[in-house]
Amino acid sequence: VAAAAPSVPPAAPSVEPEPIPDTSPSVELEQDDIDLGALSVAAPARTAQKGLRGLLTKVGVKVAPGAAETAAIEAGEQLAGFEETIRQATWTRAVSVLVANPKGGVGKTPTSLMLGGTIAAIRGGSVCIIEVSDDPGALTFRSEGSPNRGLGELVADAEQIRSAGQLAGYTAPQSSFAAVIGSVGWRPRLDDTAVNSVVKVVDDYYAVRVMDSGNQPSSPAFGAAVMSADVLVVPIFDAGDAALEAAQLLEGLKAAGGGAAELAANAIVLRLHDGRPEHPQVVARVDRILSSHGITHQHAIPFDAHIAERGQLTLAKLAPATRHALTGAAADVVRTLQNTAR
């Protein structure tokens with residue numbers, strides 16, 4: 001008897017492995033819908049980088065940042081947005097900012113220097129800060145350097161300026177890359193003709209002009225500054241007299257009509273803090289005064305010891321919180337310039 005053949009189990013049916021599904025979204029991309037530049041700088045998902053959460057991230061456990069770190073990240077993103085607004089703005093002519101408040105001692109000169117310096121530092125220069133007060137002011141004293149020539153000499157020589165190099169001889173270059181033209185000694189009182197001649201030559205060589213004004217809004221010099229301005233910045237303290245005089249200035253500009261009224265309508269108020277006590281009722285009164293005049297563009301500038309020293313001002317010496325607040329104000333100024341400069 002023949003031995004039975006060993007049984008062979010039937011072959012398993014052939015099974016094709018299932019393909020791994022493609023979970024990437026299927027999007028029909030049109031050329032006009034793709035902003036590769038924006039995609040290339042898109043922010044990645046936030047992961048903690050500091051503290052215990054940051055430690056977990058480093059060992060491969062991705063953890064979202066905590067409240068404090070999130071606040072710091074958002075502040076940095078906000079600052080970057082302000083800087084981008086300032087850096088990317090363009091115009092087809094020179095533009096100008098007038099810093100004004102008839103009340104003396106409210107920070108017009110520091111505001112002019114630090115606001116102009118902030119714009120210059122971010123844009124890489126081409127900002128000139130000039131004095132347009134009737135009599136010599138403190139602009140040269142508060143700025144960096146000790147120039148040999150300044151505003152009085154430029155008024156006398158304005159018609160002979162033919163190059164940026166010539167004009168530079170009347171300026172005080174700042175570490176912020178701004179240029180300052182203030183008084184270096186006695187000079188004749190400015191009138192409208194003097195202001196107009198200086199404005200013309202400055203605008204030939206600088207993209208942005210910041211004007212530090214005096215305390216006489218009825219003077220011809222102030223009138224010429226108003227006529228050549230695109231944006232009005234009004235510094236005040238949270239004090240009744242500073243706010244009331246600012247309100248009177250705005251009412252006078254509105255009554256004048258035309259470009260002056262437009263300046264008042266788009267005015268930007270910087271509420272400076274100098275370390276003195278601020279009574280809550282007075283602050284509330286200032287709020288009401290500004291609101292009654294339709295002031296919607298307001299920026300709080302915190303107390304800064306470097307400004308309070310009342311000496312030469314250097315942008316890099318300001319506290320980070322002050323730099324942040326000034327950059328936000330400068331971005332607002334630039335946005336307003338883009339809407340008003342024609």
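These legends walk through close-up views of a predicted model. Residues are numbered from 1 along each chain as its sequence is written, and side-chain values use heavy atoms, with hydrogens and water left out. In this predicted model, local features need pLDDT of at least 70 and side-chain atom pairs count only at pLDDT 80 or more, while totals for chains, interfaces and linings use all residues.

View 1. Strand E6 covers residues 231–237, and seven of its seven residues are buried (under 20% relative accessible area with a 1.4 Å probe, protein chains only). Strands here are DSSP runs of at least two residues, helices (H or I) runs of at least four, both numbered from the N terminus. In a regular strand the side chains alternate between the two faces of the sheet. Here, Val 231, Val 233, Pro 235 and Phe 237 point one way, and Leu 232, Val 234 and Ile 236 point the other way.

**View 2. The neighbours of E6.** Strand E1 (residues 95–99) runs parallel to E6, joined by three bridges; strands pair if DSSP finds at least two bridges between them. Look for Leu 98 opposite Leu 232 in E6. Five bridges join E6 to strand E7 (residues 268–272), again in parallel, with Pro 235 standing opposite Leu 270 in E7.

**View 3. His 299 in strand E8.** His 299 sits in strand E8 (residues 297–301) and is buried, with a relative accessible area of 17%. Its side chain makes a polar contact with the side chain of Asp 332 at 2.8 Å (a pair of N or O atoms within 3.5 Å; within protein, one must be able to donate a hydrogen and the other to accept it, and residues adjacent in sequence count only if both atoms are side-chain atoms). Leaving aside residues up to four places away in sequence, His 299 touches Ile 268, Val 269, Leu 270, Arg 271, Gly 328, Ala 329 and Asp 332 (heavy atoms within 4.5 Å).

**View 4. The second largest cavity.** A cavity is a set of points on a 1 Å grid over the protein atoms alone where a 1.4 Å probe fits but cannot get out, and lining residues have an atom within 4 Å of a point. This one holds about 40 Å³ of space. Its lining includes Val 234, Val 269 and His 293. Helix H10 (240–256) and helix H12 (280–292) each give two or more residues to this lining, and H10 gives the most, with four.

Definitions and conventions. Buried < 20%, exposed > 50% of the residue type's maximum accessible area, 1.4 Å probe, protein only. 1 Å grid on protein atoms, 1.4 Å probe; cavity = no way out; pocket = protein on both sides within 12 Å on 5 of 7 lines; lining within 4 Å. Points joined across faces, edges and corners; volume = space filled by probe spheres on them.
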